[in-house]
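Colleague: I'm new to this one. Could you walk me through how to read it?

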Amino acid sequence: GSARGYAMLGERTTESGPTAFVYGIELDAAHRGRGIGRAAMALLEERARVRGLPRIELNVFGGNAPARGLYRSLGYEEIAVYMGKTL
């Protein structure tokens, strides 16, 4: 009955046309690993389909292995890698 996190979905125009974009998704640490993230992503994908958007994209930090694993298991592919170095 209470909130376990949040998810934000919007729309962007990319080279391939209109695209759904996950602007943010965050789950309370105490509730991770219970399938809530997977369910949230399924809901966002369904909302994108209802809006007629043929593609969904998101950003994820390279060091966030649990999230990257979840997205890969849902069929997401890495498109780009952003790198940096502290001087």
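Colleague: Which residue forms a salt bridge with Arg49, and how far apart are the closest N and O atoms?

Modeller: Some ground rules come before that. This is a predicted model, where local features need pLDDT of at least 70, side-chain atom pairs count only at pLDDT 80 or more, and totals for chains, interfaces and linings use all residues. Residues are numbered from 1 along each chain as its sequence is written, and side-chain values use heavy atoms, with hydrogens and water left out.

Modeller: Now the general idea: side chains of opposite charge can pair when their charged atoms come close. A salt bridge here is a side-chain nitrogen of Lys or Arg within 4 Å of a carboxyl oxygen of Asp or Glu. Arg49 pairs with Glu46, with 3.5 Å between the closest N and O atoms.

Colleague: How many salt bridges does the rule give?

Modeller: The count is 6. Another one joins Glu57 and Arg55, at 2.8 Å between the closest N and O atoms.

Colleague: Is Glu57 buried or exposed?

Modeller: Buried means under 20% relative accessible area, exposed over 50%, and partly exposed in between (1.4 Å probe, protein chains only). Glu57 counts as buried because its relative accessibility is 18%, whereas Arg55 is partly exposed at 39%.

Colleague: What about Arg68, which residue does its side chain meet in a salt bridge?

Modeller: Glu78, at 2.2 Å from N to O. Both partners are partly exposed, Arg68 at 21% and Glu78 at 46%.

Colleague: Which residues do salt bridges with shared partners join into one network?

Modeller: Glu45, Glu46 and Arg49.
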